[in-house]
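Here is a short briefing to read alongside the structure. Take a moment to turn the model around before going through the points.

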Amino acid sequence: MTLSTPMVWIILPLVVAAVCLVLNKRRVFGIILTSVTAFGLALLAAFFPEELVLSIGPLTLAFEESLGILGRRITVAYEMLPFIAFIFGMLGLWGFSSNLPGVPSTFRPIGLIMTASLTAAMGVEPFLYAALLIETAVLVSIPMLASSEQESHRGILRYLSLMTIAMPLILIAGWLLTGVVILPPESPLIGQTAMLLGLGFALWLAVFPFHSWVPMVSQGSHPTVVSFLLFILPTIILVFGLNFLNRYAFLRTSEEIFNIIRIVGTMMIVFGGVWTALQDHLKRAFGFAALVETGFSLLAIGFSAEGGLRWMLMLFPARALGYWLWGYALTRFEHHCDSLEIRAVKGCARRYPLLSLGLLLAQLSIAGLPLLASFPIKIALLTQAAESGSSLGIWSFIGSLGLFLFSIRLLLNMVMPLDDEIERLWPVLEKTSEYLPVLVIGVILVMIGLIPDTFLAWLTDILTAFPQLQ
Amino acid sequence: MQALSTFAFVLIVIAAMMILIFRDWRINAAALALQYLAAFALVTLSWPIGLAIVKLIAGWMATAVIALTCLRQKNARDSSESGASLVFRGLAGLLIILLIFILTPTLQAQVFRQVDLLILQGGLMLLGMSLMQLGTNSEPYLIVISLLSFLAGFEVIHAALELSTLLTGLLVVVNLGLALVGVYFIIKVGESGETSKEEGDV
């Protein structure tokens, strides 16, 4: 009997999602089922052998990499398993925290469906059809984002519109690319195709000026849900983008294209950083910080000749843990405080010291503070940008200061006592169950910062799936 | 065939203009259904009818889902717009038509050589009109109708480039998914409208 890996990492999560949807009201059961499935699939992906044949009595189970659907194939390649282990592991972490106050009950099944669709997107042949699977994931994500706020509706509709417009652009660009390969380098069609492709990815990755939905959704929707969305979507789209560089030599060898990617990345770091520094709302600041992170990923791709793709991949786990902690801390504060305006969290560090520490730790880890998870990668990237001889290094550095400035503003507000607290000791109100995850993830972030290669380098193994990019 | 494609193209222009100009859900739903019929006619020029009809059925299903939800919404507003806004959107639509007639021959000569001019014009007309529609309103159901029109335009052009069962299936999923998202928002907006009305009554 033959089984296929797509059945394990695509079909099975969909089945579990269906069960979660049916038993939507059994919250604890849903949390356990989602987390166990996600962590189980992550572990399986991490330790799955290249060729597995299981013999159970007279039954022999052989695993193959591909599954045929309607004349096309979906493949979960052995080389991609570390990445699949990573995204399912992170899904498990988010699923585990889905019992937080206010997290929609649809989050768990939707998270599973999104992860399954996006896993399929990475392995569908022809690879361009991934655009449709990404669009499916976007459509599925809408119910978990929607809240009662009108502002959130506008942001979500903008998100939906921009993502939907991106899909045809990628498909048309993909069709054009098949013809472009045989054209001479001076053909104008090459530039037009690259422009169409770039526009599609810019829409997908919320590159300026298509970024407006990010802060709107970030402010209007639940922080746990938004942090998951802002982690999984750009991560998969960036890995999907590697397919284009791997397959088309004219993209891979064009210095102009990499220059443009570097400039766009720097622009996002600068604009995102400045906007983050100026924000008065904690959730909006998270949205803008996510744009800065996309900027760093683009900057890393821009330096792919200097090993930038390794940096891009190594940033993913550090970023994912930072986003999770940020989303977790914001959720807790949203529950405890009346508002998430920066002035409204005045004195919070006196009442919730470890939760406040968690929030600041997440921000500073994402910002690249020394000893924290993102620092080793970001310093390498900034050094490379500075060494490239242009002003990219200076601008990227200025942009990355934005989140530091916002964190300092937040810290000053949080430790400032309320009028009735001046004379008193810190009245700590947080419970152990609330701050324990903060401590665990905080320790992991510090450990990653201290020994980054041990925690981050394994993900770069997936570059073997892109032989031209190694 | 030429007469059919010309008729389909004219139908697309009329339907797209109706969707762009009017805000009444009844007119928009009827125009969307007509638009899918015309798009189907253009797709049959490239695909066998058996496969092309999938697009028509999926499109009409999406239209029916949105129209029935609007019908059931108690507070679905009737359009009461000034004549000036209708004229403005009409002129914007005419500008799009003009632009597409100017651009299409060049685009066909340089990029889409194997695509029939009428198919390209029909597809681009839907794309252009829906983008204009997206830029001129913020009503959830109108945004979803615009996105459905946008996808229909893309499907008309893409059908002339490639034939794939999986792609057709995935596009059906996306179209129906969009319609369901539209329903979700129509209901959400309806609920919040009712709540605020009740609060106002109190």
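What follows is a tour from the whole chains down to single residues.

This is a predicted model. Chain A has 470 residues and chain B has 202 residues. Chain A holds 19 helices and six strands, while chain B has seven helices and zero strands.

**Chain A as a whole**

- The radius of gyration of chain A is 22 Å, in agreement with the value near 23 Å that a compact globule of 470 residues would have.
- Laid along the principal axes, the C-alpha atoms of chain A fill a box of roughly 75 × 65 × 45 Å.
- Buried residues make up 54% of chain A.
- Take the contacts in chain A with a separation of 6 or more: 78% of them are between residues 24 or more positions apart.

**Chain B as a whole**

- Reading chain B from the N terminus, you will find the order α-α-α-α-α-α-α.
- Chain B is as compact as a globular protein of its length, because its radius of gyration of 18 Å is close to the 17 Å that the globule rule gives for 202 residues.
- The C-alpha trace of chain B spans about 65 × 40 × 25 Å along its principal axes.
- In chain B, 45% of the residues count as buried.
- Of the contacts in chain B between residues at least 6 apart in sequence, 76% join residues at least 24 apart.

**Where chain A meets chain B**

- Chain A brings 24 residues to this contact and chain B brings 26 residues.
- On the side of chain A that touches chain B, α5 (130-145) and α6 (150-180) each supply at least two residues.
- The biggest share of that side comes from α6(A), which gives 10 residues.
- Sorted by class, the side of chain A that touches chain B has 15 nonpolar, six polar and three charged residues.

**A helix pair to look at: α3(A) and α13(A)**

- The axes of α3(A) and α13(A) (residues 308-336) lie 11 Å apart, at an angle of about 10 degrees.
- The two helices are therefore roughly parallel, α3(A) to α13(A).
- On one side of this contact are F86(A), M90(A), L93(A) and W94(A) of α3(A); on the other are F316(A), P317(A), A320(A) and W324(A) of α13(A).
- The contact of α3(A) with α13(A) consists of eight nonpolar residues, with no polar and no charged ones.

- Helix α8(A) is largely enclosed by the rest of the structure, because eight of its eight residues are buried.
- Among the buried residues of α8(A) are W213(A), P215(A), M216(A) and Q219(A).
- S221(A) sits in the loop between α8 (213-220) and α9 (223-247) of chain A.
- S221(A) has 24 C-beta neighbours inside 10 Å, so it counts as buried.
- Although 66 residues separate S221(A) and G155(A) along the chain, their C-alpha atoms are 9.4 Å apart.

**A partly exposed residue: R252(A)**

- You can find R252(A) in helix α10 (residues 249-252) of chain A.
- R252(A) counts as partly exposed because it has 16 C-beta neighbours inside 10 Å.
- Setting aside neighbours within four places in sequence, R252(A) is in contact with L245(A) and Q468(A).
- M267(A) is 15 residues from R252(A) along the chain, and their C-alpha atoms are separated by 22 Å.

Key
Residues are numbered from 1 along each chain as its sequence is written. Chains are lettered from A and ligands numbered from 1 in the order in which they are written. This is a predicted model: local features need pLDDT of at least 70, side-chain atom pairs count only at pLDDT 80 or more; totals for chains, interfaces and linings use all residues. Two residues are in contact if their C-beta atoms, placed from the backbone, lie within 7 Å. Helices (H or I, at least four residues) and strands (E, at least two) are DSSP runs, numbered from the N terminus. Ala, Val, Leu, Ile, Met, Phe, Trp, Tyr, Cys and Pro count as nonpolar, Asp, Glu, Lys and Arg as charged, and the others, Gly among them, as polar. The radius of gyration is taken over C-alpha atoms; the globule rule is 2.2 Å times the number of residues to the power 0.38. A residue is buried if 20 or more other C-beta atoms lie within 10 Å of its own, exposed if 12 or fewer, and partly exposed in between; C-beta atoms are placed from the backbone. Axes are lines fitted to C-alpha atoms, for helices over the stretch in contact, and angles run from 0 to 180 degrees between N-to-C directions. Angles under 35 degrees count as roughly parallel, over 145 as roughly antiparallel, 65 to 115 as roughly perpendicular and the rest as oblique.
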